[in-house]
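This briefing is meant to be read slowly, with the sequence and the structure open beside it.

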Amino acid sequence: MSGKTKVPPMTIVIKLGTSSIVSPSYPFLPHLQLLSSIVETVVTLRSQGHRVVLVSSGAIGVGLRRMNLRERGKGLQQKQALAAIGQGRLIALWDNLFSQLDQPIAQILLTRMDISDRTRYLNAQNTFSELLQMGVVPIVNENDTVSVSEIKFGDNDTLSAISSAIVHADYLFLLTDVECLYTDNPRNNPDAKPVRVVRDVEKVRQQVSTSTLGTSLGTGGMSTKLIAAELATAAGTTTVVMHSGKVADIFSVIEKGPGPCREVSETPHLEEGPLCTRFLRRETAMKDRKWWIAHGLHSAGTVVIDEGAYRAITRRESGGRLLPAGVVRVEGPFASHQGVRIVVRRRIRNNGPSRGSIDVDDSIPSSPTTNDTPSGAGGQIHHPHPSTLASPALRYLTNNSNVAPQPETPHIQPVLSLSSSIASLDPLSRSVPASPAIHALTEKLGTAASLIQASIGGHQADGSSSSSEEWEEVEVGKGLAQYNSVEIDRIKGIKSAHIEQVLGYSESEHVVDSITIL
Ligand SMILES: N[C@@H](CCC(=O)OP(=O)(O)O)C(=O)O
């Protein structure tokens with residue numbers, strides 16, 4: 001193993017999945033040899049001046065072994081109980097191994113809500129920073145006991161990407177039971193080719209098969225690794241998928257790859273190194289606060305804007321701030337300074353009778369009442385009443401929280417439990433319960449679901465189509481509300497100069513601040 005560093009000190013996060021910690025079937029014996037090689041690698045990296053964070057799964061697996069069980073059971077409570085049994089023993093195992101080489105460790109257990117609350121996020125950041133400065137190796141896992149199923153990180157790949165952003169890591173190593181990302185599942189397809197360097201995660205997602213390579217105990221697979229890579233590379237962390245048995249390859253990967261003193265463009269021959277997949281960090285990493293707003297912050301509601309306002313907030317001069325003139329609708333309730341989704345509503349043209357032939361017509365001018373023309377001169381703002389939304393599902397998703405799901409939309413039901421879980425857990429939401437509607441789209445259904453095709457005004461009550469004009473609503477960003485949802489609803493569409501007239505006071509000329517375009 002390499003003993004001398006040729007690279008400047010870096011911050012390195014190493015994530016180990018359940019499959020690397022315990023055997024996948026009864027009696028779930030720990031992989032002691034592998035764990036020992038991780039410990040030796042981490043201690044060597046430390047001796048070279050690097051700061052190292054471990055993200056370790058395995059609590060449930062260790063819990064199963066302790067209780068001499070063959071299966072972990074399906075229910076959340078069983079998993080939580082097993083994780084509670086296993087976590088203490090897991091950290092004891094790590095402490096035992098690391099103490100053989102005199103390396104102190106610390107346990108950090110996080111939940112999604114710790115990340116979405118700015119104060120808790122900053123506290124976690126301070127703790128990490130202090131530990132790393134003290135030469136300690138923090139060992140992170142999800143705090144499964146208090147994680148509600150719908151708002152769990154769910155897999156430790158995502159948790160490791162978030163940990164990487166918190167510590168501003170240079171590298172995230174996702175150690176797993178395959179060497180790298182393949183063009184197809186190598187277990188079924190012998191022609192599957194390794195993908196060694198990825199510059200654009202979204203592009204590669206469309207080109208490769210991410211059919212799960214996870215094991216019976218782990219929750220991740222290749223698709224969660226792509227999500228993790230997307231989050232981490234956006235924060236400026238080069239992300240590497242490699243086999244946990246090849247942990248010593250970490251040394252040559254960091255030696256040849258980008259680092260604090262070497263740009264991505266200065267590392268042209270990465271295909272020649274050890275077999276692994278390197279997701280190169282973004283050249284311009286998102287600033288910590290911006291990244292947190294985009295990926296950490298919990299959104300308590302939605303502000304729907306028109307196209308002109310969207311164009312305005314995407315301009316640098318806007319400073320990421322939204323004026324009330326461009327707001328067309330508000331989904332709440334949310335309090336001032338809570339996170340909100342920014343959704344742009346734009347007109348699309350229906351070319352034919354079929355719902356499948358809708359084209360977005362970018363040439364249609366936006367409402368003149370926008371940030372471009374805050375006076376709203378000559379403009380007419382569209383405020384379609386939510387009841388005009390065509391389908392019950394869309395009406396529920398885009399309407400206020402009081403609209404109950406219709407019987408024909410049973411899949412909406414979990415949304416309610418999700419939002420109430422968040423409302424009851426998030427201290428910010430206690431006084432103002434979180435909105436259950438749009439929130440569910442991104443939290444529950446993922447980014448793909450952030451596109452809400454709201455067919456407004458194009459359908460009669462009987463469901464038939466009557467007009468060629470339809471609307472779509474697309475989530476475009478996140479920001480911090482400067483007023484609460486009731487206040488923004490009252491001042492939507494007006495000039496900032498009139499806020500005081502309407503509300504009796506004016507906190508800010510903007511309704512949403514610190515907007516991050518996704
Ligand atoms: N937090 C849990 C499970 C997390 C999990 O399964 O993660 P992974 O094995 O990385 O897919 C544990 O420690 O057992």
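**The chain as a whole**

Among the contacts in the protein chain with a separation of 6 or more, 73% are between residues 24 or more positions apart. The model is a predicted one, and its protein chain has 518 residues, of which 54% are buried.

- The secondary structure of the protein chain comes to 17 helices and 17 strands.
- The protein chain is divided into two domains, with domain 1 covering 11-279 and domain 2 made of two stretches, 299-348 + 472-517.
- Between the C-alpha centres of domain 1 and domain 2 there is a distance of 37 Å.

**Nonpolar cores**

- In soluble globular proteins, nonpolar side chains tend to be buried together.
- The largest nonpolar core in this model has 46 residues, and those with the most contacts inside it are Leu 110, Phe 128, Val 140, Leu 181, Val 204, Phe 279 and Trp 291.
- Several helices and strands each supply at least two residues of this core, among them strand 2 (51-56), strand 3 (105-110), helix 6 (118-133), helix 7 (156-167) and helix 11 (288-296).
- The largest share of this core comes from helix 9, which gives seven residues.
- Trp 291, if its neighbours within four places in sequence are left aside, is in contact with Tyr 121, Ile 162, Ala 165, Leu 231, Ala 234, Ala 235, Met 286 and Gly 296.

**Two pairs of helices**

- Helix 3 (residues 59-66) and helix 4 (residues 76-99) have axes that come within 6 Å and cross at roughly 90°, which means that helix 3 is roughly perpendicular to helix 4.
- On the side of helix 3, the residues that make this contact include Ile 60, Val 62 and Leu 64, while those of helix 4 include Leu 82, Ile 85 and Leu 90.
- Sorted by type, the residues in the contact of helix 3 with helix 4 are eight nonpolar, three polar and three charged.
- Helix 6 and helix 7 pack with their axes 9 Å apart, at an angle of about 75°, and these two helices are therefore roughly perpendicular to each other.
- Where helix 6 meets helix 7, Tyr 121, Ala 124, Gln 125, Phe 128 and Leu 132 come from helix 6, and Ala 165, Ile 166 and Val 167 come from helix 7.
- The residues in the contact of helix 6 with helix 7 divide into seven nonpolar, one polar and no charged.

- Glu 179 has its place in the loop between strand 5 and strand 6 (181-182), and because its relative accessibility is 25%, Glu 179 counts as partly exposed.
- Leaving aside its neighbours within four places in sequence, Glu 179 is in contact with Val 241, Met 242, His 243, Lys 246, Leu 275, Cys 276 and Thr 277.
- From Glu 179 to Asn 68 there are 111 residues in sequence and 31 Å in space, C-alpha to C-alpha.
- Ser 47 is found in helix 2 (residues 32-47), and because its relative accessibility is 58%, Ser 47 counts as exposed.
- Ser 47 and Lys 74 are 27 residues apart in sequence, and the distance between them in space is 43 Å, C-alpha to C-alpha.

Methods:
Residues numbered from 1 in each chain as written. Predicted model: local features only at pLDDT ≥ 70, side-chain atom pairs only at ≥ 80, totals over all residues. Heavy atoms only, no water. Domains from an automatic or database assignment. Core = buried A, V, L, I, M, F, W, Y, C linked by side-chain atoms within 4.5 Å. Buried < 20%, exposed > 50% of the residue type's maximum accessible area, 1.4 Å probe, protein only. Helix = DSSP H or I, 4+ residues; strand = E, 2+ residues; numbered from the N terminus. Contact = heavy atoms within 4.5 Å. Axes fitted to C-alpha atoms, helices over the stretch in contact; angles between N-to-C directions. Parallel < 35°, antiparallel > 145°, perpendicular 65-115°, else oblique. Nonpolar A, V, L, I, M, F, W, Y, C, P; charged D, E, K, R; others polar.
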